[in-house]
Amino acid sequence: MSHPLDTLPATQVLRAPYAADPAASRGRRYPEPAPRFRSEFQRDRDRIIHASAFRRLEYKTQVFVNHEGDLFRTRLTHTLEVAQIGRTVARTLGLNEDLVEAIALAHDLGHTPFGHAGQDALNACMQPYGGFEHNLQSIRVVDELEQRYAEFPGLNLCFETREGILKHCSRANARELGELGRRFLDRTQPSLEAQLTNLADEIAYNSHDVDDGLRAGLISIEALRETRLLRRLFDEVERRHPHLDTRRRIYQAVRLLIDSMVADLVESSARAIREAGVMSIEDVRAAGETLIRFSPQMRDETLELKRFLFKNLYRHHRVYRMVAKAKNTLRALFQAFLEDPALMPPQQYTLALEAEHRDGERGRARVVADYVAGMTDRFAIAEHARLFDPAERS
C-alpha cells in the first residue's frame, strides 16, 4: 500500500505559466548539483538568511539611526515586511513565492549604515573611483564579498534571484555585468517576481515610515490628512471606530494603508497580466512594460504621499541633523582608511593591498567602500570614536 509521503512533492507546484520555474532557472555562476529537498530558489533564500550581511541588517537604519529608539524599523524589520507582503501578493497572483522571498531578503544587503544618508556620503567619496550604488553593492555582496563556501566566492545565487536584486542600473555598469546587465541594454523586463518585490518594497517603506514618523512625533495625523490617501483612510478608521485612542487609530490607519496598496496592486497587476496575454516568463521579459503595477489613481496617491514624507519627515530638522552627522562620520571613516589602509583590520588591509596592486587607487578605494558599507550604525559610530577620539581605546 502506498503512503501519502510517497507522492508528496518536494517543492512548490507553480500555479501560473508565467511564474518563474526553479527547474528552468538560467542557473548559477558556478554549477552545483541540484538540492535534494529544496527548490533552487529555496536554497537561495536559505543561503541569504545565513549570510553575515543579512544579520547585520538588524543594526542598520531606515530613517532613524539605530540608537534613537527600539521601536523604529531597521533594515532587517523592513526586509521581513517586504518579504511578507511579497509572498502574499505572489500567492494571490500565482507567482513563485520562494523567489519573491529570496529577492526580498537580499534586496538591501548592500545598504550602508545610516540609510540613504550613508549611501549619498559614500557615493560622493567614491565619485573619482566609479561611484557607489547600493543595488550594485548588494550584487557585490552576494557574488563576491560573502565568503562561506569552499567551492566558490559569494553565495552563488540563481540568475533569477540576482536579477531581482538589481532593480536599476546605468548602461555603463550594465555593460560590465554580462548576462545580468543585458536587460538594461536590451530594454527587456525582469521576471514578475522581481517586479513584484520592487513594489512590495515601496508598500513596506511607505507604510512603516508613516508609522515611525507618527511614533516619533515628527509628523501628525492632521498633517497626513493633507494627502488624499491618508485622509481617506483616517476618515474610514474614525467612521468605524469613533472612540479609538490615538495609538490604535494610527495602527488601524497603517493597516488600512498596507491593505489598500496591496489590494490595488493585486487587482491592477492581474488585469495587466490578462491584457498582455503572457503565458511564459519569456513573454514577461518581452513585454514592453512592467506588468506588476498600481492603478493610475493609487500610483498618483502614493507619489503624493512620498512627496509629503520627503518634505515633512526626511527633511525634518531632527532627521536632517542626524543625516548631517551620519554623512560626516562616513566621510571621515572613508578618507582615513583610504589614506592609511593599515587602520582597517588585517584582512581588509591585505585585500586593499592586493586590489591596489591589480587596479591602483581605484581598487584600494573599492575595498575601503566595501568595509565601510558593511558596517552597522553603531559599529560606524564606535569606529569613528576609536579613530578620532584620543580618549577612546583603539
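**Burial, contacts and helix packing in a predicted model**

Modeller: In this predicted model, arginine 285 has a relative accessible area of 7% and is buried.

Colleague: Why is arginine 285 called buried?

Modeller: Buried means under 20% relative accessible area. The value for arginine 285 is 7%, so the residue is buried.

Colleague: Where is arginine 285 found, and which residues does it touch?

Modeller: Arginine 285 belongs to helix α14, residues 281-286. Leaving aside residues up to four places away in sequence, arginine 285 touches Arg26, Phe159, Glu160, Glu163, Thr188, Gln189, Pro190 and Ser191.

Colleague: What makes the pair of arginine 285 and glutamate 163 a polar contact?

Modeller: The two side chains are 2.4 Å apart in that contact. The cut-off for a pair of N or O atoms is 3.5 Å, one atom being able to donate a hydrogen and the other to accept it, so the pair counts as a polar contact.

Colleague: Why do cysteine 125 and cysteine 169 count as buried?

Modeller: Cysteine 125 has 10% relative accessibility and cysteine 169 has 16%. The limit is under 20%, so cysteine 125 and cysteine 169 both count as buried.

Colleague: How many disulfides does the rule give?

Modeller: A pair of cysteine sulfur atoms has to lie within 2.5 Å. By that rule the count is zero.

Colleague: What makes helix α1 largely enclosed by the rest of the structure?

Modeller: Helix α1 spans residues 40-49, and nine of its ten residues are buried, so the helix is largely enclosed. The buried residues are Glu40, Phe41, Gln42, Arg43, Asp44, Arg45, Asp46, Arg47 and Ile48. They pack against α2 (52-56), α3 (75-93), α4 (97-106) and α7 (159-165).

Colleague: At what angle do α17 and α18 pack, and why is α17 called roughly antiparallel to α18?

Modeller: Helix α17 (residues 346-359) and helix α18 (residues 361-373) pack at about 150°, with axes 6 Å apart. Angles over 145 degrees count as roughly antiparallel, so α17 is roughly antiparallel to α18. The crossing of α17 and α18 is right-handed. Residues of α17 in this packing include Leu351, Ala352 and Ala355, while those of α18 include Gly363, Val367 and Tyr371.

Colleague: How do α3 and α13 cross, and which residues meet there?

Modeller: The axes of α3 and helix α13 (residues 246-276) cross at roughly 35° and come within 10 Å. Here too α3 passes α13 in a right-handed crossing. Ile85, Val89, Thr92 and Leu93 of α3 meet Ile258, Val262, Leu265, Val266, Ser269 and Ala270 of α13.

Definitions and conventions:
Residues are numbered from 1 along each chain as its sequence is written. This is a predicted model: local features need pLDDT of at least 70, side-chain atom pairs count only at pLDDT 80 or more; totals for chains, interfaces and linings use all residues. Side-chain values use heavy atoms; hydrogens and water are left out. Helices (H or I, at least four residues) and strands (E, at least two) are DSSP runs, numbered from the N terminus. Buried means under 20% relative accessible area, exposed over 50%, partly exposed in between (1.4 Å probe, protein chains only). Contact means heavy atoms within 4.5 Å. Axes are lines fitted to C-alpha atoms, for helices over the stretch in contact, and angles run from 0 to 180 degrees between N-to-C directions. Angles under 35 degrees count as roughly parallel, over 145 as roughly antiparallel, 65 to 115 as roughly perpendicular and the rest as oblique. A crossing is left-handed if the near helix is turned anticlockwise from the far one by less than a right angle, and right-handed if clockwise.
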